[in-house]
Amino acid sequence: GGAEGQRRSTCMHMEEKYVFVTVGTTRFDKLIGAATDKEFLQLLGRKGYGRILLQVGSGELLPSSSCDDGASVTVESYRYKDSLKDDLAKSSLVISHGGSGSIFESLTTDKPLIVVINETLMDNHQGELASQLERDGHLVKTNCRSLYHTMEQFDASSLQPYQTGDPTQFGRFIDSVMGFNLQTGYTMR
């Protein structure tokens, strides 16, 4: 199938740098709102991005396509697609919610990644995964309030490539969430 609930702009642009924002199958209107805030769009324009493509999931917000808000950044959005691979591959920067599937799919495309944690979720293991991957230098973690500041300071060259197929990294994360210490065999809680 094609894209469901897609809003496309009529603005014509060359193939330019673009930001891909994904919330996966969840609802994260706060992130969509922060990413389409006029000041944030103006910042993207100043940083050389010409377009922002938003995968908005089941949220209430489906931003209208626009290119005349003074930000010189084209805004496009859709709810779901069968695969995000093409959008990830063509993007210059990914801004993702903290779901592990979206994080790992983004990391394997070798694109700079900013993960925005949904602080309203209970038992937020998303934060723990993003924190570990940030400590390892693979991504930058932030929240909706700090997205503008994070983008302002963001330096993609400071990130380390993520090596796919490193099961020890995922194992360390699972151990930390479950409270296991493999050296001693005891739980840490």
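**The core and the sheet of a predicted model**

Me: Which residues touch the most other members of the largest nonpolar core?
Reply: In this predicted model, Val21, Leu31, Leu44, Ile52 and Ile95 do so, in a core of 29 residues. A nonpolar core is a set of buried Ala, Val, Leu, Ile, Met, Phe, Trp, Tyr and Cys residues joined through side-chain atoms within 4.5 Å. Buried means under 20% relative accessible area (1.4 Å probe, protein chains only).

Me: What is Val21 in contact with?
Reply: Leaving aside neighbours within four places in sequence, Val21 is in contact (heavy atoms within 4.5 Å) with Leu31, Ile32, Ala35, Ile52, Leu53, Leu54, Gln55 and Ile95.

Me: Now the sheet. What is the strand order?
Reply: The order is S3-S2-S1-S4-S5-S6 in an open sheet with parallel pairing. Strands are DSSP runs of E, at least two residues, and helices are runs of H or I, at least four, numbered from the N terminus. Two strands pair if DSSP finds at least two bridges between them.

Me: Which are the edge strands?
Reply: Strand S3 (74-78) and strand S6 (140-143), each of which pairs on one side only.

Me: How many bridges join S4 to S5?
Reply: Four bridges join these parallel strands; Ser96 has Val115 in S5 as its bridge partner.

Me: And which residues are buried in helix H4?
Reply: Ser102, Ile103, Phe104, Ser106 and Leu107 are buried in H4, which spans residues 100-108.

Technical notes:
Residues numbered from 1 in each chain as written. Predicted model: local features only at pLDDT ≥ 70, side-chain atom pairs only at ≥ 80, totals over all residues. Heavy atoms only, no water. Buried < 20%, exposed > 50% of the residue type's maximum accessible area, 1.4 Å probe, protein only.
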